[in-house]
Amino acid sequence: MIPGDFEYHRPNSIGEVVSLLSTHGDEARVIAGGHSLIPMMKLRLAAPEHLVDLQDVAGLVGVSEDGGAITIGAMTTQTELIASKVLAENCPIIREAALLIADPQVRYCGTLGGNVANGDPGNDMPALMQCLGATYLLQGPDGTREVDARDYYEAAYFTELKDGELLTGVRFEKPVVGHGYAYKKLKRKVGDYATAAAAVILSMNGGSCVSASIALTNVGDTPLYAQAASDALVGTALDAATIDQAVALAESITEPASDGRGPAEYRTKMAGVMTRRAIEEAKERAQ
Amino acid sequence: MNKKHVKMTVNGKTVEGDVEARTLLIHFLREDLGLTGPHIGCETSHCGACTVDLDGRSVKSCTLFAVQAENADITTVEGMAAADGTLHAIQEGFMQEHGLQCGFCTPGMIMRTHRLLQENPNPTDEEIRWGISGNLCRCTGYQNIVKAVRYAANKLNDTTREAAE
Ligand SMILES: Cc1cc2nc3c(=O)[nH]c(=O)nc-3n(C[C@H](O)[C@H](O)[C@H](O)COP(=O)(O)OP(=O)(O)OC[C@H]3O[C@@H](n4cnc5c(N)ncnc54)[C@H](O)[C@@H]3O)c2cc1C
Ligand code: FES
Ligand code: FES
């Protein structure tokens, strides 16, 4: 359980990080909270020769509001997300999901950036970012670029992030005032990754659903944005038959592994159950 | 081998040492500083026996490199009792309420409780259970640990009230 040896760097600016990453190529990794990376290094599933610590890098922490948009710095921890007033008022689903991640100690360290950048299908924030329609803000040797969370994930641990690039933050439009939301996660115990989880955000007007967005965690190689299931809700009163149809559409895009969390068929069904519960709760919460 | 010089504050004292970059904080504390209060239970970030207080956060010291703690302010269970040996209210609570059996989880439980009670001085039993959910105990069944935390909360609140009067 001893990680391989590496050289440790602790730069102060995004520019220095990018230059270290560019110099050392795929031998370098950034370390944020370290609560996914260090366990992987102990198992020697990761053995970076250069570790670039982001803790002193200026400008990567905090939640800020700019008109209708919210930007969250990559180094903002899960504990800070839970405590954020701006998020509690404008986008409470983030707090709801963050409270279901790991345990208090892990949440003091784990960052939003590490959670979404990593490409671990077990992580909870990627599906949530897809549900919110968030944009990832990336910076590399050629400057900055933006990638839609729904386009970022290619396969487990394979993402759009290129060598030399850093994720500096995420940005999304505030969900409309009065929206309904829910993050429902089935797990075996505190601190466990999801057997299946679903994020739902929707809005209602005069008893009819005017927008809906559904995404799923840990039932495929990547987080899954459930486009067809989302579309099925729009223009309906979210009656029982519509919800049945959306659940079936959500289940149909899952491709879970059979593992300690259960056989694939079970996890697909649980993705459906989580989707159903999340839609029902979001409907109740919508104003 | 890449040795790095590290300097940090542990239990109020400045400490320094030369470590390999890959040295985990728990190993630096136990082997270099001789602070064997923080325990290694799982070494896989699950059990919380290695929990220490670091810059106002409870962290699992098996999941942090010593070099990351450069300049940090750390408290381990060794830093809880007063200089004359008087136990901290939390330690007293674990003793009075029989909050331990083998004691292996106790240093982590105490350090996690320390931070929990700073953030929430008067937690409900439910909040205590959630607050210590990153700490596993194989012996007690948690019931007496919850009582110990409550004992400590009451005692600390009484002390704060007396000080205010
Ligand atoms: C016991 C335990 C239980 C857990 N349970 C859950 C859970 O239920 N749900 C969940 O979602 N997570 C869970 N986690 C993971 C935890 O939330 C991680 O801390 C988090 O996913 C990664 O964040 P980090 O800051 O620790 O990243 P690190 O571990 O520091 O980094 C992870 C990866 O992302 C890369 N990276 C980090 N930041 C950036 C950046 N800004 N730009 C580019 N690349 C970057 C790193 O190079 C590394 O490859 C658990 C962890 C533990 C130890
Ligand atoms: S030894 Fe660190 S969490 Fe178990
Ligand atoms: S008292 Fe034995 S593990 Fe908790």
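## Chain B at a glance

Start with the charges: chain B carries 16 positive and 21 negative side chains, with the centres of the two sets sitting 4 Å apart. Keep in mind that this is a predicted model.

On to the fold. Chain B has five helices and five strands, and if you walk along the sequence they come in the order β-β-α-β-β-β-α-α-α-α. The radius of gyration is 16 Å, close to the 15 Å that the globule rule gives for 165 residues, so chain B is as compact as a globular protein of that length.

What about packing? Of the 165 residues in chain B, 52% count as buried. Take the contacts in chain B between residues at least 6 apart in sequence: 55% of them join residues at least 24 apart.

Buried means under 20% relative accessible area, so B:Cys47, at 11%, counts as buried. B:Cys105, at 10% relative accessibility, goes down as buried too.

| Residue | Relative accessibility | Class |
|---|---|---|
| B:Cys47 | 11% | buried |
| B:Cys105 | 10% | buried |

How many disulfides does the structure hold over all chains? The count is zero.

Methods
Residues numbered from 1 in each chain as written. Chains lettered and ligands numbered in written order. Predicted model: local features only at pLDDT ≥ 70, side-chain atom pairs only at ≥ 80, totals over all residues. Heavy atoms only, no water. Helix = DSSP H or I, 4+ residues; strand = E, 2+ residues; numbered from the N terminus. Rg over C-alpha atoms; globule rule 2.2 N^0.38 Å. Buried < 20%, exposed > 50% of the residue type's maximum accessible area, 1.4 Å probe, protein only. Contact = heavy atoms within 4.5 Å. Lys, Arg positive; Asp, Glu negative; His and termini not counted. Charge placed at Lys NZ, Arg CZ, Asp CG, Glu CD. Disulfide = S-S within 2.5 Å.
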